[in-house]
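Please view the structure first.

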Amino acid sequence: MVHPGRRELLGDLHASYITAFSENKTSFEFYATEHFRVSGVYWGLSALHLLGQADRLDRTSIVAWVLSCQHEGGGFGGSERHDAHLLYTLSALQILALYDELHRVDADAVARYVASLQQPDGSFWGDLWGETDTRFSYCALSALWLLNRLDAVDVQAAARYVASCKNFDGGFGCTPGNESHAGQVFTCVAALDIAGRLDLVDADLLCWWLCERQTKSGGLNGRPEKLQDVCYSWWCLSALSILGRLHWIDQQALADFILECQARGVQLWAHADEEAGGISDRPEDQVDVYHTFFGIAGLSLMGRAGLQPIDPTFALPVEVMQRLRQQHQQGQ
Ligand code: FPP
Ligand code: ZN
């Protein structure tokens, strides 16, 4: 049942949910998410930034903590003392970019770390253990772009490898021959955009496949026959946005689906339900910071009033990207 007024964006409740989640250092979720905490902080901080409430988190302690996750070799782990990985290296740089603190890292060391993971076929390992995935191609190119150090790797070889993961349906998979998946579509289209090689995308074919991801619920799934899930509002929409075809899906129906996944909390006697705020993957499910960010990011891509616009390629606020472009032009 759709409750009256359910279709509003509950921005203040989401900001409170993210802040409370970040400050509660004794919860089960806090311990369960330790190995990818740097990414969790990027999702929470980005969501707050889009809501215009980034100052609800403590900048000084977050920046010091992120820097403490860096290894001598240049890469960042998902938390203090965790092994370096490209996924967390990108998230760490995104947090520093949000706070305009990228100058605090040794860009040469990070660039050397990223370059050390590129393989002769242009692909990237996620870390020294050798898993290859187009997610890591994106992380490598995005991280180097943020540092203005794309010259540290063979960008054209990286683009050729990503293109070799393209399938008959226009979509992309993790490695050549792997099935198309909307998450990989984001990483591949965004990586090709950073590489200046969007010409390698079959835009009409791919965007048709992406439109087919919208189900009767209004939400999007990540592959045929899968359930709709709020995070695919980002993985699919970002690619449609990069390729200039956002209008190919029913945006109103998608926005309604995302807003239905908000936990609004029930006022029981004098106590508000502790589940107030946050967005889940599907209506009535448990909320988490990941789906809260990607729900808000999807709404931002669709131009929702009250949200800062987000860049579809870098998954950072447009305002932050404009500042970085200016700094790069000034040679910083
Ligand atoms: C779906 O994952 C999503 C992906 C495969 C893409 C992940 C991309 C990155 C980690 C790169 C960094 C991203 C940003 C926004 C900066 P899933 O495991 O939920 O897929 P499932 O729904 O099939 O389980
Ligand atoms: Zn999801």
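## Helix pair α9 and α11

The axes of α9 and helix α11 (residues 231-242) come within 8 Å and cross at roughly 35 degrees. Axes are lines fitted to C-alpha atoms over the stretch in contact, with angles from 0 to 180 degrees between N-to-C directions. Helices are DSSP runs (H or I, at least four residues), numbered from the N terminus.

Val 185, Phe 186 and Val 189 are among the α9 residues that meet α11, whose partners include Trp 235 and Ala 239. Contact means C-beta atoms, placed from the backbone, within 7 Å.

## Basis of the model

This is a predicted model: local features need pLDDT of at least 70, side-chain atom pairs count only at pLDDT 80 or more, and totals for chains, interfaces and linings use all residues. Residues are numbered from 1 along each chain as its sequence is written, while chains are lettered from A and ligands numbered from 1 in the order in which they are written.

## Ligand 1

The residues around ligand 1 include Arg 135, Tyr 138, Gln 184, Phe 186 and Trp 235; near means a C-beta atom, placed from the backbone, within 6 Å. Helix α9 gives the largest share of this shell, four residues.

## Nonpolar core

The largest nonpolar core has 106 residues, and Val 114 and Val 185 are among those that touch the most other members. Helix α5 (residues 86-98) gives the most to this core, ten residues. Core members are buried Ala, Val, Leu, Ile, Met, Phe, Trp, Tyr and Cys residues joined through C-beta atoms within 7 Å; buried means 20 or more other C-beta atoms within 10 Å.

How values were computed:
Helices (H or I, at least four residues) and strands (E, at least two) are DSSP runs, numbered from the N terminus. Two residues are in contact if their C-beta atoms, placed from the backbone, lie within 7 Å. A residue is buried if 20 or more other C-beta atoms lie within 10 Å of its own, exposed if 12 or fewer, and partly exposed in between; C-beta atoms are placed from the backbone.
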